[in-house]
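Please read them alongside the sequence and the coordinates.

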Amino acid sequence: MEIIVGKTAGFCYGVKRAVEGCYKALEKEKNVYCLGEIVHNENVIKKLEKNGLKFIENIKESNGTTIIRAHGIKREIYEYADQNHINIVDLTCPNVLRIHDIASNYAKKGYYILLCGSKTHPETMGTLSYCGKNVELLEEEKDVLEAIENLKKSTIKKVLLISQTTYSLEKFKNIEKILKEKLDNYKLEVNNTICLATKTRQEETKKISSQVEYMIIIGGKNSSNTKKLYEIAKKECKNCIMIQDKKEVDAKEVLKYEKIGIMAGASTPEKNIEEVVNIIKISDKK
């Protein structure tokens, strides 16, 4: 049996920075809160909770130092924390902060902003607060035509297209193509803000899954970037599953195949990947 593990599998820079930042904060003081899940991975969350980190869903629940997770937050939350003298440890991914700056600057210049992203993802909700009043959220390619109709009802002729850092590169390119075809009389600026780690991980997932008989995607059930990897892999490999950790590995099913591919989302610890690989290797030797 051959097992191919993606070179880009596991923690990206932003996630690693955020998780390490939590442990550093806990070393300094005991009363530390985190606004929302630091990353979308149940194993990581449980480990941090055991070390004393308290997870809250509303900044008003904070009673001490509060960590801002990798996904970022809405602008008004910063304002509330400042007004109420809440000590903030900002672990927002630098790539996300960059998008906030871009959105804010273009909104001030009077641009109509089209943001590609998931409607329920915390990163997207945070970015929307920096886009001003003239903004449309595009979750799928089908959302573009309605957004164009709304744009045409306004008097704005300048348009900016940006994206959630973990959005599908394929979908973004399709949306860009539609906009260029439909908005020939508009000033359209495209800033592909999908982070490099996401792009390379998606590209590697496509490559590996096209070469194997069975593809395993490892990551949190509520991880947006992991779900996108699974969508990509399914198109290339009909035998594809998404699991959270080694407990979900079906050894009997895996052993039916000679060539196995493994990729993991940006919030998946290296330990989880190693454990899945070891389970498969041990089963193969029996």
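1. His85 lies in the loop between helix 3 (75-83) and strand 5 (88-90); helices (H or I, at least four residues) and strands (E, at least two) are DSSP runs, numbered from the N terminus. The phi of His85 is near 55 degrees, a positive value in a residue other than glycine. Most residues other than glycine have a negative phi. His85 is exposed, with a relative accessible area of 73% (exposed means over 50%, buried under 20%, partly exposed in between; 1.4 Å probe, protein chains only).

2. This is a predicted model, in which local features need pLDDT of at least 70, side-chain atom pairs count only at pLDDT 80 or more, and totals for chains, interfaces and linings use all residues. Residues are numbered from 1 along each chain as its sequence is written, and side-chain values use heavy atoms, with hydrogens and water left out.

3. Helix 11 (residues 270-285) has 16 residues and spans 23 Å from its first C-alpha to its last, close to the 22 Å expected at 1.5 Å a residue (the expected span is 1.5 Å times one less than the number of residues). Asn272, Ile273, Val276, Val277, Ile280 and Ser283 of helix 11 are buried. They cover an arc of only 135 degrees around the axis, which puts them on the same side of helix 11; the arc is that of the directions from the helix axis to the C-beta atoms.

4. The face of helix 11 turned away from its buried side carries the exposed residues Glu270, Lys271 and Lys285. The buried residues of helix 11 pack against several elements, including strand 1 (2-5), helix 2 and strand 12 (259-264), where contact means heavy atoms within 4.5 Å.
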